[in-house]
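Good morning, colleagues, and thank you for the time. Please look at the structure on the screen while I go through a few of its residues and then the whole chain.

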Amino acid sequence: MTRCVKLGQSTLSDPEAAVRDLHQQISQPNASLVIFFCSSRYDLAILANTINQLFSDTPVIGCTTAGEIGPEGYCDHSISGASFPADHFVASVARLDSLKLAEVGRLQTFAHSLVLRHENQKGELPNTFAMLLIDGVSQREDAVTRTLFNSLPTIPIVGGSTGDDLVFEDTWVFHQGQFHTNSALMLLMSTQCSIALVKSQHFVATDQRLVITAADPERRLVTEINGLPAAAEYARLTGVDVDDLNLMRFAASPVVVMIEGKEYVRSIRQANPDGSLSFYCAIEAGLVFRVARGVDLIENLRLSLESVRQSLGSPQVLLAFDCVLRKLEMGQNDDTARASALTQACNTLGFNSYGEQFGGVHVNQTFTGLAIGYPEEAQP
């Protein structure tokens, strides 16, 4: 089978050279869309100028990351991308700016307008999905994801929170030739190719309960757990010294919340000097969490990707969003090469994110994605 989606990745450090390298790998006539994911350490102005020069006839969207995934596997300081041919894919994109002002009515109007525009373009293509790229430091992912999902009940949505290589200051999406911060992009894409959702979560809940008894939801800040100072109580329940709490400790022992009978991972970003805990996702007083324990990340990922192959065969591209905390765990356990081999076998294009979107829920420490099979006429 011939893959009509062209994938590429460049690890060159010079931004202009990296884009030229990527263009050489993925350029094709009559492309309906190019998607790219890039390190924030590139000079973004040079990156944008070169993209606009080389892909002048094709719509291009993308974002900054905390690590890139592509034909070279899991990488840092690279740019990965893909081009989608108009013969098999119709794409519609809209940008939502000023995320902190994105109240429900505005989000609903945004979603409905995009759907109406896309319906007028997609023709008879049977399979439609949505991809959301949203500012990973906006703290608006939960509300935006939930509202967009409710506004598009029949369309599967996956996505990731954009990154800035663990600086946690400014993250960017690329649209209409420029990088934008405090913004989100939503892609609707229709295709005759088969599609399948992917989710890999290598944590399961234990019996240890954490009740959020005091919190500042606007800042995703928990001040009390079980009526005690948050950091100290979390440290006690996970069996570590409060002074030893760090990003890797939090990655090893996240918490899990039950939503409609399903477990979703919630990750802690940092312990603060005042004894509070900052989270990567929405929290509020009264939430009941359970401490989670990890299972084999690589085996869990292998089984999830094998399930995709069983449902639609080997995908020609897998759009994937993998939490940066999973990346750190893989690095600590020398598992990055094994994970890269698994994603390379599925023709994966994606990035390490500050959060993942799946089924209308903003989650952490999860691999989410959407696999795209081959056109019907290319099936064996």
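I begin with Ser340, which sits in helix α9, residues 336-345. Please bear in mind throughout that this is a predicted model. Is Ser340 buried or exposed? Its relative accessible area is 8%, and buried means under 20%, so Ser340 counts as buried. Leaving out residues up to four places away in sequence, Ser340 touches Gly73 and Tyr74.

Next, helix α8, which covers residues 324-332. Which of its residues are buried? They are Val324, Leu325, Arg326, Lys327, Glu329 and Met330. Charged residue types are therefore on that list as well, since Lys and Arg count as positive and Glu as negative. Just after α8, Asp334 has a positive phi of about 55°.

Leu325 leads us to another part of the chain. Ala271 and Leu325 are separated by 54 residues in sequence, and their C-alpha atoms are 16 Å apart. Ala271 belongs to strand β19, residues 268-271. With a relative accessibility of 32%, Ala271 counts as partly exposed. What is Ala271 in contact with, once neighbours within four places in sequence are set aside? The answer is Ala231, Leu245, Phe250, Ser276 and Leu277.

I turn now to strand pairing. Strand β17, residues 255-259, runs antiparallel to strand β18, residues 262-266, and five bridges join them. These two strands form a hairpin with two residues between them. In that turn, Glu260 has a positive phi of about 50°. Strand β17 also pairs with strand β21, residues 288-294, again in antiparallel fashion, through two bridges. Val256 illustrates both pairings: its bridge partner in β18 is Val265, and in β21 it stands opposite Arg290.

As a rule, most residues other than glycine have a negative phi. Asn30, in the loop between α1 (15-26) and β2 (31-39), has a positive phi near 60°. Gln176, in the loop between β10 (173-175) and β11 (178-180), has a positive phi near 55°. Are these two residues buried or exposed? Asn30 has a relative accessibility of 51% and counts as exposed. Gln176, at 64%, also counts as exposed. The cut-off for exposed is over 50%.

Let me close with the protein as a whole. It has nine helices and 26 strands. Why may we call it as compact as a globular protein of its length? The radius of gyration is 20 Å, close to the 21 Å that the globule rule gives for 380 residues, so the description applies. Along the principal axes, the C-alpha trace spans about 60 × 45 × 40 Å.

Of the 380 residues, 57% count as buried. Among contacts with a separation of 6 or more, 81% come from residues 24 or more positions apart. Finally, how far apart are the mean positions of the positive and negative charges? There are 27 positive and 42 negative charges, and their mean positions are 4 Å apart.

How values were computed. Residues numbered from 1 in each chain as written. Predicted model: local features only at pLDDT ≥ 70, side-chain atom pairs only at ≥ 80, totals over all residues. Heavy atoms only, no water. Helix = DSSP H or I, 4+ residues; strand = E, 2+ residues; numbered from the N terminus. Rg over C-alpha atoms; globule rule 2.2 N^0.38 Å. Buried < 20%, exposed > 50% of the residue type's maximum accessible area, 1.4 Å probe, protein only. Contact = heavy atoms within 4.5 Å. Charge placed at Lys NZ, Arg CZ, Asp CG, Glu CD. Pairing = 2+ DSSP bridges.
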